[in-house]
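Here is a short briefing to read beside the model. Keep the sequence and the 3D view open as you go.

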Amino acid sequence: MGRSLSNIVINLGIRDQFADALSQLGFDFEVLAEQEGDACLGNGGLARLSACQMDSLATLDYPAVGYGLRYQYGLFRQVIVDGFQHEQPDYWLNFGNPWEIERVHITYPVKFYGTVTDEFLNGEKCKVWVPGEMVEAVAYDNPIPGYGTRNTINLRLWAAKPSDQHDMESFNTGDYVDAVVNRQRAESISSILYPDDRSYQGKELRLKQQYFFVSASVQDIFRRFKDTHKKFDEFPEKVALQLNDTHPSLAIAEVMRVLLDEEHLSWHRAWDIICKIFSFTTHTVSPEGLEKIPVDLLGNLLPRHLQIIYDINFNFVEELKKMIGLDYDRLTRMSIVEEGAVKNIRMANLSVICSHTVNGVSRLHSELLRTKLFKDFYDLWPHKFQYKTNGVTQRRWIVVSNPSLCALISKWLGTESWIRDIDLLIGLRDYATNAELHQEWKMVKKVNKIRLAEYIEAMSGLKVSLDAMFDVQTKRIHEYKRQLLNILGIIHRYDCIKNMDKNDRKKVVPRVCIIGGKAAPGYEIAKKIIKLCHVVAEKINNDNDIGDLLKLVFIPDYNVSVAEMVIPGADLSQHLSTAGHEASGTGSMKFLMNGCLLLATADGSTIEMVEEIGQDNMFLFGAKAHEVVALRKKGPTLKVPLQFSRVVRMIRDGHFGFEDYFKSLCDKIEGTSDYFLLGADFMSYLEAQAAADKAFVDEERWTKMSILSSAGAGRFSSDRTIQEYAENTWDIQPCRCPF
Ligand code: 7GP
């Protein structure tokens, strides 16, 4: 979520009154707002997307509740020591959280472990789950006010507390000390956010977190429904559950369990309800990114849920056989249960089978889902598959983070309505060549560059030139996002400048290259990329020969508030994922809105951006998704440009030191191991960079491109995404507070 104060007073429409009141008390609003710490309760794009969507749900008056976990420790703080990433715990609740409301009376028991027995109720056989451990989920509410409406929705986060019945076993055996220690352990369920955003290690605590979150939320949903309804006939009309990736997909088995074992509905009725209420959005492209839970782990922790999943699978496979015959390969692929040395439950298959709608997060992503990841399912149920291209909220990413641009846009459009109705941004196109707007537009960029330059200096002592192009790549560090391509490009630029004569140097467009992002603590290659960035920066920034022509800065601890400062100050931003690997990408949308030009591959939602702002207004490069497969097949016969081999050699030869440490990194991008095709895309990347240089020196052209970028960003508002979800997936109407 990042910080809340500015966002909240802006959405409530009381920003100026609030600032006045504060100043009467002797405080400066801006200074005060800076004191707030970030709520870092997620890893990257997936989590921040939800935060933007909550803002849009509230603003568009949709009746919605967001559920999550109230982690005591959010995403680690990244500290850089000698160029290496170190992780420090983020105990964000240290000074309390003023935004949350603890609901001491809204608590639910959550059960784990134990056994399932058959019992008879009114002559009917039914299953009874006798748990081995119980913890209590306590609700903490975080209000999310909409903009330009009195509607405020709720983000309800669950914290784990020991319950009176926690670990009954130990108390019964009389081991008092053990029992108390175990009670404390209950709290550990919501204590920490797992910092790996896409590797699933089948850890018990992670599964416990998922079920804890799901069980509390499902109980809350049933309680709310039963407050006003006696029968379940209306349940599908009143409840739509959106699975945000597979992390909450145990909810399917949980709702089924409650309907069967607690509400005593027949399987048939319960299943009918399931199929009407769940929809699923997946946020990943790679099959390895799909979550699997070892059967042993699940069976031990949630014995009844495993039975239910097996039953769902049995019914599904029987139906499937009727439809496709005994095609065992396909049956095996589509089954929820993966056989093998370790038997697993495929959470994505479960989600697709039980959801009425499966969404991708961009058009390309959806195509990849239909033709690759979920092809078998698409062939069976083409009607289930849709896509909703992601979006971000302009309230946070322009109004809060770039007040000068916000004022400028409102002035030229003659209205502030674009803050609720983003399509109005297109009106800027009319002034794309207006000299007066150009002047003001450049001033705004300058103000934001000054702010960023001051931050860089305060943080690293490095002074950067405001005349240089601020070239930014900030996002989680991943091989597929190819921060390495950026660094290799910087080494190439450095090498070129070094070999130039005085006259040629005069033609060089000065650059400040800014890279930022966290690596998962166990992701060794990603950590090496961070170190490489630092050694290269050390070399370049201290080379008197280079001066202001080239600087490289790593911004540590990239989070929402750092992004709010970096994005408005960027001239150019880089989105370099190997085509076909970024499901959507949302960072690019924030840069685009802020009039920052994009240098990008044709991946994820970038393809749709090209349609909105035109290929001439951005710097596209690299192999297309359909070409990537063919390039990989070429493997060893692929020709790599000399320039590429040269920069890799510079690293190998110890030009930047640490050659032994970087050996494995270099090995990963040379020859057949270059899975992400850095070598294949290198020349095209350099050409795009040269095109960016050329455009930058033509100030008028650059400013026009920048205005057209903002003007074309309307489609990438989360308001549009949420509108589409409301209409095509959830079938809900706005529900505006009448007073
Ligand atoms: C991300 C995708 O990588 C990114 O392309 C997309 O824009 C974003 O979700 C929002 O849809 N995925 C994650 O952050 C993630 O953790 C693992 O995915 C399931």
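Predicted model: local features only at pLDDT ≥ 70, side-chain atom pairs only at ≥ 80, totals over all residues.

The domain assignment of the chain gives three entries: domain 1 (1-36), domain 2 (43-390 + 723-730) and domain 3 (465-699).

**Domain 2 and domain 3**
- The centres of domain 2 and domain 3, taken over C-alpha atoms, are 37 Å apart.
- Domain 2 puts 28 residues into the contact, and domain 3 puts in 25 residues.
- On the side of domain 2 that touches domain 3, helix H4 (45-59), strand E2 (74-81), strand E3 (84-90) and helix H15 (363-373) each supply at least two residues.
- E2 gives the largest share of that side, with five residues.
- The residues on that side of domain 2 split into ten nonpolar, twelve polar and six charged.

**The ligand**
- There are 19 residues around the ligand, and Gly45, Leu46, His283, Ala583 and Ser584 come nearest.
- The shell holds four nonpolar, eleven polar and four charged residues.
- Domain 2 and domain 3 both give residues to this shell, so the ligand lies between them.

**Helices H22 and H28**
- Helix H22 (residues 524-541) and helix H28 (residues 659-667) have axes that come within 10 Å and cross at roughly 120°.
- This angle makes H22 oblique to H28.
- The crossing of H22 with H28 is left-handed.
- Ile525, Lys528 and Leu532 in H22 meet Tyr661, Phe662 and Leu665 in H28.
- Five residues of this contact are nonpolar, none is polar and one is charged.

Terms used
Residues numbered from 1 in each chain as written. Near = placed C-beta within 6 Å. Nonpolar A, V, L, I, M, F, W, Y, C, P; charged D, E, K, R; others polar. Domains from an automatic or database assignment. Axes fitted to C-alpha atoms, helices over the stretch in contact; angles between N-to-C directions. Helix = DSSP H or I, 4+ residues; strand = E, 2+ residues; numbered from the N terminus. Parallel < 35°, antiparallel > 145°, perpendicular 65-115°, else oblique. Left-handed = near helix turned anticlockwise from the far one by under 90°. Contact = placed C-beta atoms within 7 Å.
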